[in-house]
Structures are given as structure tokens and as C-alpha cells.
Amino acid sequence: MLDINLFRAEKGGNPDLVRESQKRRNGKTELVDKVIELDQLWRNTRFQLDQLKRDYGKLNKEVATKKRANENADDLIAQIKELDEQIKQMEEKEKELNEKTMAAVDVIGNIVHDSVPISNNEDDNRIERIVGHHRKEGGLYNHIALLQMIDAVDTERGTAVAGNRGYYLKGNGVMLALAVIHHGLSFLVGKGFTPLYTPFFMKKEVMREVAQLEQFDEELYKVTGEGDDKYLIATSEQTICGFHRGEWLPTTSLPLKYAGYSTCFRKEVGRHGQDTLGIFRIHQFEKIEQFCITAPDKSWEMQEEMIATAEAFYTGLGIPYRIVNIVSGALNNAAAKKYDLEAWFPGSAAYRELVSCSNCTDYQSRNLEVRYGATKKLDQKTKEYVHMLNATLCAVQRFLCCLVENHQTPTGINIPPPLQSYMGGQTFLPFIKEAPKGAKTTAAPKDATPELAAEAVGKLGV
């Protein structure tokens with residue numbers, strides 16, 4: 001959440017900055033006024049509570065003085081009892097107002113960075129660069145057909161057992177997925193990341209600190225059993241956010257770079273009818289995540305480093321892509337800025353998102369009380385929090401869809417060189433099944449010259 005002091009103009013805050021950010025998000029600016037109103041009520045109540053406690057302490061001293069002098073203090077004791085009841089009532093009111101104020105702050109998004117394109121229409125996402133050789137020839141199959149043709153996936157049996165969007169990976173599908181996981185983790189370790197294999201579920205109170213309210217209904221699965229309810233994670237970002245919960249991080253320990261690996265679970269409510277075939281959008285998948293924690297003045301530099309890391313990963317695997325700066329109206333509450341890496345899927349003739357890279361500044365760390373610096377500085381007037389950033393490296397099953405489309409040949413799938421050592425030296429996966437009935441291929445374009453982007457680094461096919 002945002003710092004409450006941002007809403008206090010008289011204390012050096014800047015509520016107009018928050019209002020402007022809300023406008024950029026196409027959010028409600030009146031939410032800012034609601035926070036200011038509730039905060040003022042809370043502060044007035046807190047002042048009254050403190051005054052009552054001072055009066056209570058003063059009367060207690062007077063009673064003690066009278067008793068030492070063997071004087072009657074019944075009238076003062078009666079006042080103390082009355083004050084005690086007033087304090088209890090005022091404490092309940094103060095607590096309620098504080099909770100309402102924080103709840104009002106919690107629904108306001110992070111301050112949008114000035115470099116973010118301002119729009120509520122994702123068609124206005126700004127393309128920062130396009131990289132790689134984009135195949136556009138005719139006769140290309142999409143991933144749904146290709147994964148069946150190499151006998152890597154069984155969605156029919158998966159759906160029968162697990163329901164909608166269920167699947168089995170099998171044979172070379174399993175081996176290819178494991179190869180991607182091994183390569184992804186090794187790649188990040190080589191970049192100075194520490195691997196973390198995280199829990200698959202979180203306590204509700206911790207999940208509340210890292211997830212938006214609507215995620216509980218639209219995305220997260222609840223696990224009910226003995227003890228308190230828990231929630232299955234939608235990404236290891238959530239569990240890694242809580243890894244340093246309540247800690248003070250010494251400046252010398254930063255930046256911290258984690259390679260999160262986990263299975264992820266998503267209900268995909270609101271996605272009904274989208275990508276229902278194949279394994280592009282599923283309820284259960286493996287993902288490798290970049291998660292970095294930095295000093296407050298280093299996060300923007302780190303975001304550029306993280307998206308560059310993702311680009312290097314996909315370049316090495318022969319995947320063409322574009323980097324997109326996401327519009328302000330499409331940012332989630334935590335993100336101040338987000339890049340997407342959208343890979344080219346030649347068999348689908350479309351760009352599809354593989355990576356989201358967000359700078360959440362101190363929005364998450366404030367909820368989690370992850371402080372910057374080993375101890376409080378004597379001259380420090382405000383709390384300082386670390387900045388947190390997250391970026392997908394690879395959602396494994398989705399990437400398999402991209403891989404087979406880009407590396408298809410008329411007789412099978414070429415395995416990119418970085419994965420071959422994890423596949424027992426295999427370089428090629430032949431088709432062992434016919435194309436599914438009704439499977440369509442891309443039509444040959446009128447202009448048969450492949451698209452080479454202005455900033456392309458050369459052909460990335462292998």
C-alpha cells in the first residue's frame with residue numbers, strides 16, 4: 001500500500017500526486033478524498049484518546065498523593081473509573097477508524113511512473129523494441145496440433161480426470177518441460193540469482209498482504225482442512241514477497257536476487273472461453289520467477305536489468321519477441337510500471353505474453369514491513385522500505401507452446417541447443433502422430449519475405 005503520509009499535505013505529503021496517479025489508472029480520485037477524511041477522523045480520535053490517557057495518569061498520581069497523606073480519594077477514584085470506561089470506548093473507536101483508513105488506502109494503486117503510457121486501452125501499449133526473425137511462411141501448425149503430433153500432451157484424459165483445462169504431459173513433453181526448468185534455473189544462477197523452491201500455499205493473513213482483493217475471488221484456490229484455511233499460490237512472487245516479512249534488511253545485503261520455482265494454481269475466473277484448448281492457459285503450471293529486492297534508489301535500474309535478463313533467455317532459445325510498455329489503466333495496483341515480453345507465435349500468427357516485469361517500489365514491502373537498513377537511523381523521520389520487483393522468466397507449459405511453434409519443421413520439432421544436454425543429447429523430436437482432424441495451418445503471405453524488425457539482432461532460428 002501507499003504511505004499514509006502521502007495523503008497528509010500539512011506534513012509534507014502530496015495528495016495531488018496520488019490523485020493524478022489515480023487518473024492515469026482510470027481510477028476514482030474520490031478514493032483519495034475518502035482516505036484524507038478518514039485519516040483526519042482517526043487523528044482527531046487518536047488525539048482525544050491520548051488526552052484521556054494523560055488525564056488518567058494525572059488522576060492516578062493525585063490519588064497516590066492523597067493516599068500517602070491518609071486523605072480521602074473516593075471522588076478521584078470515581079473519576080478514574082469513569083475515565084477508564086471512556087478510554088476503552090475511545091480505543092475501540094480509534095482501532096475501527098484506523099482499520100477503515102488503512103482499508104481505504106489499500107485499494108489505491110501505486111504511483112504510476114512518468115514513463116508509463118497513459119491510456120485505459122491496451123491497444124495503446126507502447127512497443128519499445130522488436131527482436132528476432134519472425135517466421136511468416138505458410139503451412140505452419142499451432143501449438144495445439146504440434147504438441148499432439150509429438151505426443152507430448154494428453155488433454156482429453158486430463159480433462160476427464162481433472163476437469164476443465166486439465167492435462168497430462170507425457171513422454172518428450174515431460175522431458176522437454178524438465179529441460180526448460182533445469183536450463184532456466186541454471187541460467188538465473190549464472191546471473192547471480194539464488195534459487196528458492198517455495199511453499200505452494202499461504203496463510204490467509206499473509207496472502208492478504210501481497211494479493212489484491214479481487215484475486216481472492218478470480219484467481220486463488222482456497223484449501224480447507226485441519227486448522228486455518230490457506231490459499232494455493234498463483235505465482236512464487238507471492239511466497240517470495242513474504243520470505244523477508246517483518247525483517248530489516250541491511251544496506252550491504254542488497255540487492256537480493258531470487259530465482260523462484262514452484263507449481264502455480266489459478267482459477268482463471270473471467271477467462272471462460274479464452275484459450276480453452278491446449279496448455280497455453282491452464283489451472284496448474286510450473287513457473288520460474290525473477291524476484292529482486294533493492295535499495296529505494298536502485299529499483300528502476302533493476303527493472304531494466306530484469307527485462308534484459310528475460311530477453312537474453314529467450315534470445316538464447318531462438319524465440320522472436322517484442323517488449324511492450326503496458327498502459328497505466330492496465331497496471332495492477334502494486335505495479336508502478338510494467339513491461340511485457342510478448343513472443344511471436346508463428347503457427348498462431350500472433351504475439352502472446354510470456355513475461356511480465358513489474359517494479360512495485362515499496363508498495364508490497366510496506367504491507368509486509370520489510371524495512372530498508374539494519375536499524376533505525378537517529379535522524380530518520382520516516383520509515384524506509386526496500387523496493388520489490390518481479391518478472392517471469394518462464395511459465396513452462398506456456399513456453400512449450402511457443403517453442404514448438406517457432407521450432408517446427410515439416411517432420412518434427414528442432415530442440416534449441418541450450419536444452420539439448422538436458423534431453424539426453426536429442427536435437428530433434430519427430431512427429432509420431434498425424435495432425436489432429438481439422439487442424440489448420442497458416443496461409444502463405446502475399447509478401448513471402450520474413451519480417452525482420454528494425455532493431456532485430458539477426459535470425460534467432462536454430
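The structure, a predicted model, holds nine aromatic pairs. In one of them, Y197 and Y261, the ring centres lie 5.8 Å apart and the planes meet at 40°, so the pair is tilted. Y197 belongs to strand β5 (residues 194-197) and Y261 to strand β10 (residues 256-265); the pair therefore ties together parts 64 residues apart in sequence. Y197 is exposed, at 59% relative accessible area.

An aromatic cluster is formed by F187, F313, Y314 and F399. Beyond its neighbours within four places in sequence, L354 is in contact with Y314, L341, A343, F345, T392, R398, F399 and C402. In soluble globular proteins, nonpolar side chains tend to be buried together.

Two arginines sit over tyrosine rings. R322 lies over the face of Y351, 4.1 Å from the ring centre. The charged end of R371 is placed over Y385, at 5.5 Å from the centre of the ring.

Helix α2 (residues 30-68) has 39 residues. From first C-alpha to last, α2 reaches 57 Å, close to the 57 Å expected at 1.5 Å a residue. Its buried residues include V32, V35, D39, W42, R43 and L59. Among the elements covering the buried residues of α2 are α1 (15-24) and α3 (74-106). Just after α2, N70 takes a positive phi of about 60°.

Conventions. Residues are numbered from 1 along each chain as its sequence is written. This is a predicted model: local features need pLDDT of at least 70, side-chain atom pairs count only at pLDDT 80 or more; totals for chains, interfaces and linings use all residues. Side-chain values use heavy atoms; hydrogens and water are left out. Contact means heavy atoms within 4.5 Å. Helices (H or I, at least four residues) and strands (E, at least two) are DSSP runs, numbered from the N terminus. The expected span of a helix is 1.5 Å times one less than its number of residues. Buried means under 20% relative accessible area, exposed over 50%, partly exposed in between (1.4 Å probe, protein chains only). Rings of Phe, Tyr and Trp (its six-membered ring) pair if their centres lie within 6.5 Å; planes under 30 degrees apart count as stacked, over 60 as edge-to-face and the rest as tilted. A charge sits over a ring if NZ of Lys or CZ of Arg is within 6 Å of the ring centre and within 35 degrees of the ring normal.
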